[in-house]
Amino acid sequence: MRGVVVVGLIALWPTQLLAQTSSDAPPRPPLCEGAITRLGPPPLAAPVADLWPASTFEATGREDAALDDVLTRASGAMGADSMGAAVLDADGLWSGRAGANDAPLFWWASAGKLAVAIAVLQLVEEGAVSLDDPVSRWVEGVPLGERITLGMLLDHTSGLYSSNEAASVRADPRLRTIDELVAVARDEGSLFCPGQGWRYSNTNYWLLGAVLEAVEGQPLDQILTRRIVERAGLSGVRFVTPDDAVSDMQSLPPPDAARGEGMVHPAWVGAAGPMLATPEGAVSLLQAVLTGRLLPTERVRSMLDLPWPMFDQPMAYGRGLMLYEVPEPGRPLTWIGHSGGASGIKAAMVWSPVDQAYAAVVLTGPGSAEAAANALLRTRKRRQSPAGT
């Protein structure tokens with residue numbers, strides 16, 4: 001049975017990520033026959049080997065007054081309604097919360113795409129699918145679906161229109177089936193030929209969710225629970241269902257109509273952002289991914305073989321993993337992870353090789369999860385430095 005997914009999702013982090021609409025999009029592509037000429041900037045170089053974690057940290061709880069203070073000050077300075085964070089390193093696991101604390105779990109929006117990508121790549125490892133398989137094998141009616149591969153869906157090079165951006169969808173936010181979303185993408189027209197360029201599109205991951213369900217014969221939440229939560233032995237992580245009451249989730253503030261935000265409900269989102277988690281659960285998930293507990297290490301590293309520049313942001317997107325260049329006086333820092341955002345929510349879970357630490361931050365209301373994560377990591381570094389620098 002095919003899953004049902006959201007529409008009305010305004011943006012999945014950052015704010016600019018889905019700012020491009022059909023009015024400023026390229027014209028509909030030609031027939032896309034023969035050789036395809038690449039548009040836009042080329043992919044970046046893959047991360048060097050020493051950027052990846054070399055060991056696994058024990059998630060033993062610890063206290064840290066300095067990090068508690070940073071979390072409180074960051075939440076107040078940003079005006080966030082609530083904020084949760086976790087840092088995992090060789091010293092163990094610190095976590096904290098600030099502001100409202102109504103429920104144990106937060107919605108992580110697009111950061112949940114990482115779990116979907118891992119499940120698809122597990123199927124590739126098992127020989128059930130190939131990255132070169134066309135999506136038309138499982139889902140009918142996808143525009144240019146016979147030329148769009150699973151690999152293109154994973155790294156957003158399919159050219160498919162992000163259906164949540166359509167005016168008709170924004171005016172009527174509700175649960176929609178994959179067939180409805182495909183129909184919207186078909187009516188809006190593709191932005192370029194498959195493999196010709198890069199453009200973030202939730203439609204790509206909605207289709208990957210449909211492929212997972214078709215191959216596995218189970219609803220998406222059950223697939224991800226079995227393949228991610230149970231396989232890695234995670235706690236504090238679950239995946240939403242279409243009829244989910246999300247009563248265990250930190251509430252979201254009402255949308256800001258002045259900023260063009262619309263109503264969104266995590267239970268509508270499907271494979272574009274299906275994860276609810278504590279900060280501790282999110283940071284443990286990222287560690288499980290990067291240290292080979294869910295996929296062989298070489299397969300994990302291949303997720304960033306071709307990281308595509310994301311608009312004008314200091315980020316790049318691979319096959320379900322993001323690469324960040326973080327401004328730092330004197331030298332840029334590189335992070336590996338995934339971010340997410342929608343109306344009322346911002347989230348990020350990252351690995352910082354320089355700090356040899358993971359950080360996960362999620363907040364409701366205004367603010368930047370990445371900025372808070374950077375503040376936590378910088379404070380941790382100063383605390384550990386003998387010179388206090």
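Contact here means heavy atoms within 4.5 Å, and helices (H or I, at least four residues) and strands (E, at least two) are DSSP runs, numbered from the N terminus. Axes are lines fitted to C-alpha atoms, for helices over the stretch in contact, and angles run from 0 to 180 degrees between N-to-C directions. The structure is a predicted model, in which local features need pLDDT of at least 70 and side-chain atom pairs count only at pLDDT 80 or more, while totals for chains, interfaces and linings use all residues. Residues are numbered from 1 along each chain as its sequence is written, and side-chain values use heavy atoms, with hydrogens and water left out.

The predictor's confidence in each residue is given as pLDDT, from 0 to 100. The protein chain has an average pLDDT of 89, and 88% of the residues score at least 70. Residues 1–23 have a pLDDT below 50, yet this stretch has 100 contacts in the model beyond near neighbours in sequence.

Two strands pair if DSSP finds at least two bridges between them. The sheet is open and antiparallel, with its eight strands in the order E3-E2-E13-E12-E11-E10-E9-E8. Strand E3 (92–99) and strand E8 (308–309) are the edge strands, each pairing on one side only.

E2 and E3 form a hairpin, with two residues between them. Leu88 stands opposite Leu93 in E3, and Met83 has Ala98 in E3 as its bridge partner. In a regular strand, side chains alternate between the two faces of the sheet.

Helix H1 (residues 65–78) lies across E2, E3 and strand E13 (357–364), and runs at about 35° to E3. Helix H8 (residues 279–290) also packs on the sheet, where it touches E2, E3, strand E11 (333–342), strand E12 (345–352) and E13. The direction of H8 makes about 140° with that of E13. In the loop between E12 and E13 lies Gln356, a residue other than glycine with a positive phi, near 50°.

E4 and strand E7 (residues 275–277) run antiparallel and are joined by two bridges; in E7, Leu276 is the bridge partner of Trp107.

For the residue classes, Ala, Val, Leu, Ile, Met, Phe, Trp, Tyr, Cys and Pro count as nonpolar, Asp, Glu, Lys and Arg as charged, and the others, Gly among them, as polar. For the angles, those under 35 degrees count as roughly parallel, over 145 as roughly antiparallel, 65 to 115 as roughly perpendicular and the rest as oblique.

The axes of helix H2 (residues 113–126) and H6 come within 10 Å and cross at roughly 45°, and H2 and H6 are therefore oblique to each other. H2 contributes Lys113, Val116, Ala117, Ala119, Val120 and Leu123 to the contact, and H6 contributes Asn202, Tyr205, Leu208, Leu212, Val215 and Glu216. By class, these residues divide into nine nonpolar, one polar and two charged.

Between H2 and H7, the axes come within 10 Å and cross at roughly 95°, which means that H2 is roughly perpendicular to H7. Here Ala115, Val116, Ile118, Ala119, Gln122, Leu123 and Glu126 of H2 meet Leu224, Arg227, Ile228 and Arg231 of H7. This contact has seven nonpolar, one polar and three charged residues.

The remaining pair is helix H6 (residues 202–216) and helix H7 (residues 220–232), whose axes come within 9 Å and cross at roughly 80°. H6 is therefore roughly perpendicular to H7. Gly209, Leu212, Glu213 and Glu216 in H6 are in contact with Leu220, Ile223, Arg226 and Arg227 in H7. The classes in this contact are three nonpolar, one polar and four charged residues.

Leu144, in the loop between H2 and helix H3 (150–155), has a phi near 60°, a positive value in a residue other than glycine.
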